[in-house]
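User: Please take me through this entry in questions and answers, giving the cut-offs behind each term as it comes up.

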Amino acid sequence: MIVAERKPLEEIIASVSSYRKILVLGCGTCVSVCLTGGDREARHLARQLELSMSERGQPFSCEVATIERQCEGDIVQAYVRVSPDVEAILSTACGAGVQTVAAVYGSLPVIPALNTTFLGASDEPGTWEERCVGCGDCVLAWTAGICPVARCSKQLFNGPCGGSSGGKCEIEGDVDCAWHLILQRLTEIDGLKGSLPMIPPRDWSKERAGGPRMMRKPDKVYAASF
Amino acid sequence: MSFFKVNFNCNGCLACVHNCPSSALTFKDKDNRRTLLHNMSLCARCGNCWRVCPQDAIQFEGILDGQWQEVTSMDLVACKICGEPLYTVNYQDTLNQKIKNGGEALCPLHRKTLSLEAWAHFAGDTTPQRRAKT
């Protein structure tokens, strides 16, 4: 799931302060689940903005709408209603959603209210941790289902490094050493009977080094059977 | 009631069924009739069905803005002084199981500001209730 955090209110206020009316557009999927940009958070943000602008004596109002996915441009175009007097859209979606909405409403400024942070999972209610960076060449089969790209601070493929101590990473904070977890899990799986494979240098062109990535599956779209 | 709705343009071509990535749509042909079936618990609400429908038959707003469905219903316990609904009878039962004498049914206001008067009220003082001191 995509995890995002809200930008500081002051930064959002600075982005929208030149408009008299905006649409705060929530997104109903990932950012709803991580309690950052769903309908509830969009309404809360709208209220905060109206209050702040009212304190500054500026005429300002918000409309609020939430669409299931802001990253589906055709659905946004068909189902999001924007009043004619709306001067900008404040999106509480991830970066993909913001860009999709911006492409749909070419003439309206679209402003992000969130910082998209990572692809993560929740181990306990209210906590999300980074699990995947979308590197394009998954190695989880060799690393006991624990990603060294996302979870090792150095993105080591043959770890651990000398900074691993007591299962924790040397960087500040209570961060688990990914390679400690990998070795622990491999031991649980087969007692580390199989030798740890040496993972060769990777082809990073499948990550971001090859430029923006795209996936096409035209053969998976079936024509109507008539 | 189905959240997935089609209009009269639907001709049963099954483009939606074949293109649903979540297998949330299927059909059955029986007694010379084709019936389209949708499973909301499988539906990812991705809009692929709506996108590929050659007949513009799918009314996707039914998926986006579906109606509330009643899940369950139970009796409420109200504040003994003002009648404000507090929690359900079932919740009170759970509370009483976990805490001996789970407490009287009083709203936060009356628990805080009118407790003595509340006790007087329970003790049989029939004088008219005074408003809570705030």
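Analyst: A residue is called buried under 20% relative accessible area, exposed over 50%, and partly exposed in between (1.4 Å probe, protein chains only). The model is predicted, so local features need pLDDT of at least 70 and side-chain atom pairs count only at pLDDT 80 or more, while totals for chains, interfaces and linings use all residues. Residues are numbered from 1 along each chain as its sequence is written, chains are lettered from A and ligands numbered from 1 in the order in which they are written, and side-chain values use heavy atoms, with hydrogens and water left out.

User: How many salt bridges does a search of the whole structure find?
Analyst: Side chains of opposite charge can pair when their charged atoms come close. The rule applied here asks for a side-chain nitrogen of Lys or Arg within 4 Å of a carboxyl oxygen of Asp or Glu. Over all chains, the number of salt bridges found in this way is 17.

User: In which strands of chain A do A:Glu63 and A:Lys21 lie?
Analyst: Helices (H or I, at least four residues) and strands (E, at least two) are taken as DSSP runs, numbered from the N terminus. A salt bridge joins the side chains of A:Glu63 and A:Lys21, at 3.1 Å from N to O. The pair ties together parts that are 42 residues apart in sequence, because A:Glu63 and A:Lys21 lie, respectively, in strands E3 (residues 61-67) and E2 (residues 21-27).

User: How many residues apart are A:Lys21 and A:Asp85?
Analyst: A:Lys21 is buried, at a relative accessible area of 16%, whereas A:Asp85 is partly exposed, at 43%. Their side chains meet in a salt bridge of 3.3 Å, N to O. This pair links distant parts of the chain, with A:Lys21 in strand E2 and A:Asp85 in the loop between helix H4 (73-79) and strand E4 (88-91), and the two residues are apart by 64 residues.

User: How many residues apart in helix H3 of chain A are A:Arg43 and A:Asp39?
Analyst: The side chains of A:Arg43 and A:Asp39 form a salt bridge of 3.0 Å, N to O. Both positions are partly exposed, A:Arg43 at 39% relative accessibility and A:Asp39 at 30%. Within helix H3 (residues 39-55) they are separated by about one helical turn, because their spacing in residues is 4.

User: Which residues do salt bridges that share partners join into one network?
Analyst: Salt bridges with shared partners connect three residues into one network, namely A:Lys21, A:Glu63 and A:Asp85.

User: What is the area buried between chain B and chain A?
Analyst: Buried area is the accessible area (1.4 Å probe) that two parts lose on being put together, summed over both. The contact, meaning heavy atoms within 4.5 Å, takes 17 residues from chain B and 14 residues from chain A. Carbon and sulfur atoms give 55% of the buried area, which is about 1,300 Å².

User: How many salt bridges does the rule find across the interface of chain B and chain A?
Analyst: One salt bridge joins the side chains of B:Arg51 and A:Asp74, at 2.4 Å from N to O. Across the interface of chain B and chain A, the number of salt bridges found is 3.

User: Does A:Thr100 count as buried or exposed?
Analyst: A:Thr100 is placed in helix H5 of chain A. Leaving aside neighbours within four places in sequence, A:Thr100 is in contact with A:Gln70, A:Cys71, A:Glu72 and A:Gly73. Because its relative accessibility is 18%, A:Thr100 counts as buried.
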